[in-house]
Amino acid sequence: MDIVDKIVEMSDPDTRAHQERVAILAASITRHLGLVDRVTTVQVIGRLHDIGKTKVPPEILNKPDKLEPHEFAIVQGHPLMGYEILGGFEIPEFVRQCVLQHHERVDGTGYPYRLQPEQIFVESRIVAVADFVDALNSDRPYRPAMGIDDTLKEAVRVRGSHLDITVVEACLRVFSSGVATNQQWL
Ligand SMILES: [Fe+2]
């Protein structure tokens, strides 16, 4: 078992499954972008991106109702928690930075640092798109899954604001190529 497998084991089963699906979809997007040399790193970032949620109390993580502001703040701390947790292992600084960035947005409204687009690594943008697609297309305690067609429409709607335009287009090509339908990109 390598170090990434060992770290992934720390997450709860739902988060672990989400991370594995995100890793696979993100890898496909990376290939469709022609960034073949970055596929392995993107997979690792995908598998680890929500590791910080291990520090969010389960009653908040699985709460079926709207989160209170202080609970929301705890959830929003998970990228930084992930960065810190990974500092305890032999994980490259670049991977840690991308985990830290996975909720940044290309219009500069993301968290934790409201980074400007030129500050957000392409690997983080790719994982952000795969994360968005898998999150909307999965059942959550507070809502049912949206379905892949509506999920992709939503990704298109927020490209250029929440999500990177080029990466969303590559994601659409992943699905239109027939490789991935619904959650069958696994
Ligand atoms: Fe996250």
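Reader: What makes the arrangement of the 4 donor atoms around the iron ion irregular?

Author: This is a predicted model, in which local features need pLDDT of at least 70, side-chain atom pairs count only at pLDDT 80 or more, and totals for chains, interfaces and linings use all residues. Residues are numbered from 1 along each chain as its sequence is written, and side-chain values use heavy atoms, with hydrogens and water left out. The donor angles here run from 86 to 177°, so the arrangement is irregular.

Reader: Which residues coordinate the iron ion?

Author: They are D50 (OD), H78 (NE2), H102 (NE2) and H103 (NE2), at 2.2 to 2.3 Å. Donors are N, O and S atoms within 2.8 Å of the metal (3.2 Å for Na, K and Ca); water is not among the atoms, so sites may look incomplete. Along the chain, the iron donors follow the spacing D-x27-H-x23-H-H.

Reader: Why is H102 called buried?

Author: Buried means under 20% relative accessible area, exposed over 50%, and partly exposed in between (1.4 Å probe, protein chains only). H102 has 2% relative accessibility, so H102 counts as buried.

Reader: Is V174 buried or exposed?

Author: V174 has a relative accessible area of 0%, so V174 is buried too. The C-alpha atoms of V174 and T30 are separated by 9.7 Å, although these residues are 144 apart along the chain.

Methods: Four donors count as tetrahedral if all angles lie between 85 and 135 degrees; four count as square planar and six as octahedral if opposite donors are over 155 degrees apart and all others between 65 and 115; anything else is irregular.
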